[in-house]
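Here is a quick tour for anyone opening this structure for the first time. Have a look at the sequence and the model below, and then we'll walk through a handful of spots together.

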Amino acid sequence: MAIHSAALSFSCVSLNRQASGSSHRLLRPFVLCQCEVKSLVFSWQSPASFPRFRLQGKALESNSGPLEKEESLVVCFGEMLIDFVPTTSGISLAEAPAFKKAPGGAPANVAVGIARLGGSSAFIGKVGEDEFGHMLADILKENNVNNEGMRFDTGARTALAFVTLRKDGEREFMFYRNPSADMLLQVAELDLELIKKAKVFHYGSISLITEPCKSAHIAAAKAAKDAGVILSYDANLRLPLWPSAESAREGILSLWNTADIIKISEEEISFLTQGEDPYDDSVVRKLYHPNLKLLLVTEGPDGCRYYTKEFNGRVEGLSVDSIDTTGAGDAFVAGILSQIAADISLFQDENRLRDALRFANACGGLTVTKRGAIPALPTREAVLNALLKSSRDGTDLSL
């Protein structure tokens, strides 16, 4: 494979993360009492409530025609790229003997994750007019993600990222994007009608780094907000892609107060608060703006925390064998957004929200058991089977 060096550059970084080890605690189980496959509706019983989760949505018959109004549609905006994952775990990128290519990019991962769960999703972003770009567009279509908002750039390549988890537990990334096609999406190329039809508009921070994509991102978010769409934001800090730490902090916070849902990690809390304790609820509350409906803090193997105006708490995890953590956070986001898009009343009901987060944690847990991001995202059936298995194991249901 030839790479045109004039169009590409790379950076390498080690992000300090605690080693996940061989055991990954994602969720506590609860009793699954009903599964109705025919209508893509399932529900289960927890000790506190009897929620019904509706993953309503069918595979799109065609991605070329106009998208009809769908109440549960989630539109994901941002980057889609190729992740290269070492075929051997626990080594550095330099030591890896070979790599497996896997489609990725956080917003695209979320879109595919929602579709795998039986929901309705679309992706808006830009890739290169190259073999990888068309492969990614085809992967979206194959996974029943509407790709009519996807654009192709003839002057830039599709982004590449090499990702590994070393023996010391540090994530290591090497990016090829200087510039990559996703950075060049323009306001005029946005499918605003598709955005306005969404129930949820989801995005991350990487598309805020450079122009013209930054302006496209801001315009897309404004169009969604003006149309009454719920805005979902994943902080998704990738420090080496920003000019400086201060520009990263400022950029990530630039759209903070417009989001209705924010997903953030412990490391990102420390970064945005300039070193404050991410486990202190009062510190987390500093990031809770007045119009926010839900703030989610993911803790990897320890599950997640949730914060609303009325309540907050923690949903713990289940042990699974971890192979590759790439895409686990995106699977979690797909799991919770698929529930919220179907029923926004979850914001007001803590018991049902907790059950939705158990489901989301199961999505993340299953993803770490396989390599890559999109290839590892679970189906609805796989999540249900995992929940059934955990309940049969007789684990304590109390929280």
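Let's start with Ser207, a buried residue with a relative accessible area of 4%. It counts as buried because that value falls under the 20% cut-off. Keep in mind as you read that this is a predicted model.

If you skip residues up to four places away in sequence, Ser207 touches Phe77, Gly78, Glu79, Cys213, Lys214 and His217.

The peptide bond leading from Glu211 into Pro212 is cis, with omega near 5 degrees.

Another cis bond can be found elsewhere. This one joins Asn178 and Pro179, and its omega is about -10 degrees. Pro179 belongs to the loop between β12 (171-176) and α3 (192-196).

Next come two asparagines with a positive phi, even though neither is a glycine. Here they are side by side:

| Residue | Phi | Loop | Relative accessibility |
|---|---|---|---|
| Asn144 | about 65 degrees | between α2 (131-142) and β10 (146-153) | 30% |
| Asn236 | about 45 degrees | between β14 (230-234) and α5 (245-253) | 9% |

Is Asn236 buried or exposed? Asn236 is buried, because its relative accessible area of 9% is under 20%. Asn144, at 30%, counts as partly exposed, because that value lies between the 20% and 50% cut-offs.

Our last stop is in a helix. Arg380 lies in α10, which covers residues 380-392. How much relative accessibility does Arg380 have? The value is 4%, so Arg380 counts as buried. Its side chain makes a polar contact with the side chain of Glu381, at 2.8 Å.

Terms used:
Residues numbered from 1 in each chain as written. Predicted model: local features only at pLDDT ≥ 70, side-chain atom pairs only at ≥ 80, totals over all residues. Heavy atoms only, no water. Helix = DSSP H or I, 4+ residues; strand = E, 2+ residues; numbered from the N terminus. Buried < 20%, exposed > 50% of the residue type's maximum accessible area, 1.4 Å probe, protein only. Polar contact = N/O pair within 3.5 Å; in protein donor to acceptor, adjacent residues only side chain to side chain. Contact = heavy atoms within 4.5 Å.
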